[in-house]
Amino acid sequence: MSAWSQLPLFEPPADDWTFSGAQTHSLTHCYHDYPARMIPQIAAKLIARFAPRPARLLDPYCGTGTSLVEGLIRGHEVHGTDLNPLARLISRAKLTPLPLAALDTACDDLEAWLRAPIGQPQKLPRGINLTFWFQPAVIERLAHIRAWLDQLSDDGLRAFFAVAFSETVRECSNARTDEFKLYRLPQKRLAQHTPDVFGTLRAKLRRNRAGLCEFLAAYASAPRQSRAYLHAFDSVKGIPASSIAPESVQIVITSPPYGDSHTTVAYGQFSRLSAEWLDLPDAARTDRALMGGVPLKDLPSFNVPALDSALQTIYAQCPKRALQVAAFYADLRASIANVAQVVARGGIACYVIGNRKVCGVLLPTDRAVQHFFETVNFEHVVTYQRAIPNKRMPQRNSPSNRVGVTDETMTREAILVMRKR
Ligand SMILES: C[S@@+](CC[C@H](N)C(=O)[O-])C[C@H]1O[C@@H](n2cnc3c(N)ncnc32)[C@H](O)[C@@H]1O
């Protein structure tokens, strides 16, 4: 053998956080799409490195529960909160070790229901213009499924089917599915849009059942069978001691929003059609309730020179945008102070963060998060950098808010690790 043939073709970096080409939809992570999801490999690697023994794990912006699922299958007691009710529903489904026999009985029952004649719709969503977003045949079929869901009394089973129904609603609606914001399909594409509602639901259920089987196997071999707790508190307003006691958390693993919902990822709009069909609370108000949802009246100083000067530069171009952006950082700072109170001494906080651009100005969120933690008695441990190969995020956006003027937005993110003194 020649010396050449013994050389590796590609030398992977020693500490690779990119996970390019990794399977990110294993276990129950396949259940439902969601904007800016964390990839499970990041949570798994952080847990292996910073919480190798069973501990209490918190995700204060848990979204669809990626870090919670990864913690649970490793024997951690996991706690998550999210203000978006659809995110909580997806997390609940993903964290439930549903018995397969019960699921299969319910699937048979549903199949019989789908084959039965479709009756008059009992309940229809009232908070949206239904015929603008759905074709009549789609409405009829979704209402038929919804009537079946309504008679399920078991919470775990209901969450499992509701999540598959939610993706069916989104995919069979008249909304564009390549966008997180709610935009109707153009007229030309609508003419060819003839969604198969029951077929879509069946495909989601098959896929999710396979994911559940993987999850059940992983959960069964966890070092101890731990529990998951889902809360609905606002991480900015405070963490109730009745939900999580002060100084009781050993590790926080989270990816906060990149900015306010209005100008970055509109979680509320993404969830709106499903939330209406599932009768989830406050479907229309979600985006305003999330971090940075209410703009500030004056530009504050955050005592982070790079952030303050970026905000002033934006303010000079567009005061309204600067006040929206500042509201996000004010909320982020408040939520970090709340998180700090529940972390035990020596506990670790891992934040996955993207530095986005607004009006062409790069916002140093990584430095801001580090500073906000330092002011509440944390020290910096390490920051890992990663390229974003596959996160469902727009890689180009319109930071100037002018139609057609785009700029490169986040292609990299930082994983910041802080320790409580
Ligand atoms: C980047 S996403 C988290 C994604 C999650 N890591 C996953 O893998 O699905 C950020 C989440 O923060 C939530 N959020 C925003 N403001 C919040 C607040 N004040 N309190 C709790 N959750 C909030 C949003 O609803 C969204 O689901």
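**Cavity, pocket and ligand in a predicted model**

Biologist: Happy to look at this with you! How many cavities of 30 Å³ or more are there?
Modeller: Keep in mind that this is a predicted model. A cavity here is a space where a 1.4 Å probe fits but cannot get out. Counting those of 30 Å³ or more gives 1 cavity.

Biologist: Thanks! Which residues line the largest cavity?
Modeller: The largest cavity has a volume of about 30 Å³. By class, its lining has 6 nonpolar residues, 2 polar ones and no charged residues. The lining is made up of P256, P257, Y258, L332, I353, G354, T365 and V369.

Biologist: Now for the ligand: where does it sit?
Modeller: The place to look is a pocket with a volume of about 520 Å³. Its lining takes two or more residues from each of the elements α2 (66-72), α11 (286-289) and α13 (319-342). The ligand sits in this one, the second largest pocket.

Biologist: Good to know. Which residues are the closest to the ligand?
Modeller: Let's start from the shell, where 22 residues surround the ligand. These divide into 13 nonpolar, 6 polar and 3 charged. The closest are Y34, M38, T64, T66 and D82.

Biologist: Which residue has a polar side-chain atom 2.6 Å from an oxygen atom of the ligand?
Modeller: A polar contact needs a pair of N or O atoms within 3.5 Å, and the distance of 2.6 Å to the ligand oxygen falls in that range. The side chain that supplies the polar atom is that of Y34.

Biologist: Last one, I promise! What share of the ligand's exposed area does the protein bury?
Modeller: Begin with the ligand taken alone, which exposes 610 Å². With the protein in place, the buried share of that area is 100%.

Key:
Residues are numbered from 1 along each chain as its sequence is written. This is a predicted model: local features need pLDDT of at least 70, side-chain atom pairs count only at pLDDT 80 or more; totals for chains, interfaces and linings use all residues. Side-chain values use heavy atoms; hydrogens and water are left out. A residue is near a molecule or strand if one of its heavy atoms lies within 4 Å of it. A polar contact is a pair of N or O atoms within 3.5 Å; within protein, one must be able to donate a hydrogen and the other to accept it, and residues adjacent in sequence count only if both atoms are side-chain atoms. Accessible areas come from the Shrake-Rupley method with a 1.4 Å probe; for residues, only the protein chains shown count as cover. On a 1 Å grid over the protein atoms alone, a cavity is a set of points where a 1.4 Å probe fits but cannot get out, and a pocket is an open set with protein on both sides within 12 Å along at least five of seven lines; lining residues have an atom within 4 Å of a point. A molecule sits in a cavity or pocket if more than half of its atoms lie within 2 Å of its grid points. Ala, Val, Leu, Ile, Met, Phe, Trp, Tyr, Cys and Pro count as nonpolar, Asp, Glu, Lys and Arg as charged, and the others, Gly among them, as polar. Grid points are joined across faces, edges and corners, and a volume is the space filled by probe spheres set on the points. Helices (H or I, at least four residues) and strands (E, at least two) are DSSP runs, numbered from the N terminus.
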